[in-house]
Amino acid sequence: MSEIIIKGLDFDYGEEAIFKNFNLQLDGRSTAIIGQNGAGKTTLMKLLNGLLKPTAGEILINGEANGDKEVTELARIVGYVFQNPNDQIFKSRVLDEVMYGALNLGKSIAEAEKSAREALSDFGLEAQADENPYDLSLSERKQISVASILAMDTEIIIFDEPTIGQDFQGKAQLKAVIQALREKGKTVISILHDMDFVAEVFERVIVLKDGQILADGSARDVFAQASVLASAGLELPHIAALSQALKQPELALTVSEFLKQTKKSNP
């Protein structure tokens, strides 16, 4: 289980300051980072995996400063799934794409292929292994980009808007993948606008606005803070909004919780 400590972080794009003396500790809990566009979510994740460098402060991953490491070295520890799969996919064969990262980390061809096929099976894409990724749908390309990171077997996995373009089945497969990663002791961090998925899947939720943390806690704790959500321009998950509208005694975050609350109110 990895530990990430961010201390006194400053970062800016020229004259535009994104973070100023920012501090955060990320542990093994699956963590969703939420907030409107421009809150600093993607910038923070790119700082974690070395694509960007802080102007001050430090980021420690398992006690070691990531500023001392090259991006290729950090890629052995931090896997990053881009929001747009077209920014990540460049091979003309699905299996080659999913194997690529694993091969770069030093796995043998046999090992990389085994890992790649297992990752594709998580999304039911084994039959597409020999196809061109760009002959597949956006949803499937997104799943391929996730599979390529899973095949690398990194300690930390960052998902940038993983539910974009996913239908119910795709989200269910993604949920299963995240749960399996947690069972393996992996650290999972995700940037999300899908509040329903956040409420259902993640153990910890962090609300960002203008490079500052407005709330940090369990999904139940965070979604109970109406003023914080309003300040960050966020909405409740649909089930939670219905639960609130019906004035249920406890805020329900999932369908099963909602039904349980309804049964209590109408024995």
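These notebook entries record what I looked up in the structure.

**Basis.** I worked from a predicted model, in which local features need pLDDT of at least 70, side-chain atom pairs count only at pLDDT 80 or more, and totals for chains, interfaces and linings use all residues. Residues are numbered from 1 along each chain as its sequence is written, and side-chain values use heavy atoms, with hydrogens and water left out.

**Strands S1 and S2.** I looked up the pairing of S1 (residues 4-13) with S2 (residues 16-26) and found an antiparallel arrangement joined by seven bridges. Strands are DSSP runs of E with at least two residues, helices are runs of H or I with at least four, and both are numbered from the N terminus; two strands pair if DSSP finds at least two bridges between them. I noted Phe11 opposite Phe19 of S2. Two residues separate the strands in this hairpin, where Gly14 has a positive phi near 70 degrees.

**Helix H1.** I then checked burial (under 20% relative accessible area; exposed is over 50%, partly exposed in between; 1.4 Å probe, protein chains only). Six of the eight residues of H1 (residues 41-48) are buried, so the helix is largely enclosed by the rest of the structure. Among the buried residues I listed Lys41, Thr43 and Met45. Gly50, which follows H1, has a positive phi near 85 degrees.

**Gln88.** I located Gln88 in the loop between strand S6 (78-81) and helix H3 (94-104). Gln88 counts as buried because its relative accessibility is 12%. I found a polar atom of its side chain 3.3 Å from the backbone oxygen of Ser145. Leaving out residues up to four places away in sequence, Gln88 touches residues including Tyr80, Phe82, Glu97 and Ile149, contact meaning heavy atoms within 4.5 Å.

Definitions and conventions: A polar contact is a pair of N or O atoms within 3.5 Å; within protein, one must be able to donate a hydrogen and the other to accept it, and residues adjacent in sequence count only if both atoms are side-chain atoms.
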